[in-house]
Amino acid sequence: MNPTNKFTGKRLTGLLGTTRKSRIIGAGAVFLAVCAFGAAGVAPLAPDASDLPVKSIAQDLELPNLADQIAALQKDDQQFIHEEKVRPGDTLAALLTRLGVEDAAAVNFIKSDKVAKAVMQLKTGKRVQAQTDENGELQWLRASVVDGRDNPVKQISITRTGDKFSAEEAPAKLERRVEMRAREINNSLYSATDATTDGGKLPDVIVAQIVEMFSTSIDFRSDLKRGDRFNVVYETFWQDGEMVRAGRILAGEFVNRGVTYQSVWYEDPISKQGGYYTFDGKALKKAFLKSPLEFSRISSGFSMRTHPISGSWKAHKGVDFAAANGTPIRASGDGVIDFAGVQGGYGNLVSIKHWANYTTAYAHMSRFAPGIRKGSKVSQGDVIGYVGSTGWSTGAHLHYEFRVNNEAVDPMSIKVLAQAPMTPAERARFQIAAGDMSHRFALLRPTTASTMAR
């Protein structure tokens, strides 16, 4: 028997199986495999991309007519906006020339109009904006007038309508921004605040507030050490993209020798009373100032004395602070004006009702501060009047009384009182504000990895 017959006979039967069922299944599998290989053999191959025909198409595109566009633009009046800063020794003519204004009518209007002439008194460095047409005629001019502290107080606008001009003034509109800064002490506090590693140095007024805020806990002359750090969140006010002043610190955190001190500003939207607190709601400000005058000396204490005018021996139910006439008098605590007027020997008197049963009185004023009237609210440190010698007085001084349940007590003997505690509703609102500042501090603190790297 030849090998082929041997293979196709027994060997093939062995491959397909011994039973009828297995042989049918095996034969089907072989048939499918043969079909698959046959299909692969006759399938056409994909053409090579390099063999594909290429067809080039050329088409002329119509370009826009630039001459027509230029002519259309020339038909419209051209407007130009300029901005300049007032220079030392600037005259109105010099300023307007730099602004591109060649308009005698505008010059005459600015010199004669009582509102527009404020442009002639602008401070050096202040910005002025103006729009002119292609002939130099003034279309409008805007400038801000500042107060003695360089804060914008009003906006001057000069506008042209036909051949006439008009001038208006309105309160300056400032944009409030909240900024965050983080610093580390390497040499001194001031070198850290002057650093510009994160975009800019801290304003001087913010640095002063940092020192004042933490000076009761940190001696900035001797306690600081290399590696101390602080985070601060504060407000700034901007006009036309330029910062005009810094405001109040909204929250501060200072790590000194491993001890963390924190403070957050909170003003209750209902009571309108504000102050600095710890993050657990404890007031940092004391309820009352030790002295309503910033610089003074006690000329007469709380005691029995001979009255300087009547000569009789009687109780002096307050403390006299000697000071020059016109010295500002500060409210010693938050409260509401209970009385403001003339009262017998007290002369010009202001009485303030504070929280609980506390009252303070300020006598012999030369005059009251603007806005001081019965029912008006005042905050600790607000100026309420000025030292004088009205009523039964032999010289300029402030007579200061501290009353508890309408009974006069010696203000110098009272233990330091904490600020009035928050009500439950105030505390709930405070926690929302404190939570926001706590989140900001978390963003400012160095990460664990960077701390370990140091």
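Two strands are said to pair if DSSP finds at least two bridges between them. Strands themselves are DSSP runs (E, at least two residues), numbered from the N terminus. The model examined here is predicted, so that local features need pLDDT of at least 70 and side-chain atom pairs count only at pLDDT 80 or more, while totals for chains, interfaces and linings use all residues. Residues are numbered from 1 along each chain as its sequence is written, and side-chain values use heavy atoms, with hydrogens and water left out.

In strand β8 (residues 242–256), M243 stands opposite W238. Strands β7 and β8 run antiparallel and are joined by 10 bridges. The hairpin of β7 and β8 has 2 residues between the strands, and D240 takes a positive phi near 55° there. Strand β7 also pairs with β6 (residues 175–184) in the antiparallel sense, over 10 bridges; in this pairing, V233 of β7 is the bridge partner of M180. Strand β7 (residues 229–239) is mostly covered, with 10 of its 11 residues buried (under 20% relative accessible area, with exposed over 50% and partly exposed in between; 1.4 Å probe, protein chains only).

A further site is N348, which lies in strand β17 (residues 348–353). N348 has a relative accessible area of 13% and is therefore buried. Its side chain reaches the backbone oxygen of S366 at 3.4 Å. Beyond its neighbours within four places in sequence, N348 is in contact with residues including G341, V342, Y362, S366, F368 and T390, where contact means heavy atoms within 4.5 Å.

Definitions and conventions:
Helix = DSSP H or I, 4+ residues; strand = E, 2+ residues; numbered from the N terminus. Polar contact = N/O pair within 3.5 Å; in protein donor to acceptor, adjacent residues only side chain to side chain.
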